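I set out to record what I looked up in this structure, entry by entry. The notes are kept in the order in which I worked.

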Amino acid sequence: QQSFAKQRIRVVAVGEVERLPASLQELIADIDRAQAAVEVELDGGWTMTLVLALSYGGRAEIVRAAQALVKAACEGELKAHEVTEESLRGALGSGHLPDADLVIRTGGEHRHSNLLLW
């Protein structure tokens, strides 16, 4: 955690983190808090982002984003013509992240289907 911060590498977890064991959820929250504290000190920002896709599925992420936009529309907070590429990206859990430059799959998987579809 500290060595990543020294290297100015931001660590982000995406996916259904709430499905993970409580101890892992706490570790992710600790990393988030530590990075928030360090971020103020980083004058030039982060040099790299390491994204951990945990309990993640690209299709499921798009469904959750669509559900959030439909809910906003039903509550009168969003009109149909306001559903754009930008609003959909903003509703994605990974929408704030840069596009992936490198993907490493563990567990012997070689396919990339259903992974970071956006």
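This is a predicted model: local features need pLDDT of at least 70, side-chain atom pairs count only at pLDDT 80 or more; totals for chains, interfaces and linings use all residues.

The entries below cover the core, the surface, the backbone and the charged pairs.

**Entry 1: nonpolar core.** I looked up which residues form the largest nonpolar core. It has five residues, namely Val12, Val14, Tyr56, Leu97 and Leu115. I then listed the contacts of Val14, leaving out residues up to four places away in sequence.

**Entry 2: Leu92.** Is Leu92 buried or exposed? Its relative accessible area is 5%, and since buried means under 20%, Leu92 is buried. I placed Leu92 in the segment after α4. Beyond its neighbours within four places in sequence, Leu92 is in contact with Glu61, Ile62, Ala65 and Trp118. I also checked the distance from Leu92 to Ala68, 24 residues apart along the chain, and found their C-alpha atoms separated by 9.1 Å.

**Entry 3: a nonpolar patch on the surface.** I turned next to the surface, where Phe4, Leu50 and Leu52 form a nonpolar patch. Together these three residues have about 210 Å² of accessible area. Phe4 is in helix α1, which comprises residues 2-6. Phe4 counts as partly exposed because its relative accessibility is 32%.

Entry 4: Arg8 lies in the loop between α1 and β1 (9-14). Ser55 lies in the loop between β2 (48-53) and α3 (58-74). Arg8 is partly exposed, at 28% relative accessibility, and Ser55 is partly exposed with a relative accessible area of 28%.

**Entry 5: Ser87.** I located Ser87 in helix α4, residues 85-91. What does the side chain of Ser87 reach? It reaches the backbone oxygen of Glu82 at 3.3 Å. Setting aside residues up to four places away in sequence, Ser87 touches Leu69 and Glu82.

**Entry 6: salt bridges.** How many salt bridges does the structure hold? I found five.

- Asp30 and Arg33 meet through their side chains at 2.4 Å, N to O. Both lie in helix α2 (residues 22-39), three residues apart, about one turn of the helix. Asp30 is partly exposed at 35% relative accessibility, whereas Arg33 is exposed at 53%.
- Lys71 forms a salt bridge with Glu75, with the closest N and O atoms 4.0 Å apart. Lys71 is exposed, having a relative accessible area of 52%.
- Asp99 and Arg89 meet in a salt bridge at 3.8 Å, N to O. Asp99 lies in the segment after α4 and Arg89 in helix α4, so the pair ties together parts that are 10 residues apart in sequence. Asp99 is exposed, with a relative accessible area of 58%, while Arg89 is partly exposed at 26%.
- Glu16, Arg19 and Arg64 are linked in a network of salt bridges.

How values were computed: Residues are numbered from 1 along each chain as its sequence is written. Side-chain values use heavy atoms; hydrogens and water are left out. Patches are made of residues with over 30% relative accessible area and no salt bridge: like charges are joined within 9 Å, nonpolar side chains (Val, Leu, Ile, Met, Phe, Trp, Tyr) within 5 Å. Accessible areas come from the Shrake-Rupley method with a 1.4 Å probe; for residues, only the protein chains shown count as cover. Helices (H or I, at least four residues) and strands (E, at least two) are DSSP runs, numbered from the N terminus. Buried means under 20% relative accessible area, exposed over 50%, partly exposed in between (1.4 Å probe, protein chains only). A nonpolar core is a set of buried Ala, Val, Leu, Ile, Met, Phe, Trp, Tyr and Cys residues joined through side-chain atoms within 4.5 Å. Contact means heavy atoms within 4.5 Å. A polar contact is a pair of N or O atoms within 3.5 Å; within protein, one must be able to donate a hydrogen and the other to accept it, and residues adjacent in sequence count only if both atoms are side-chain atoms.
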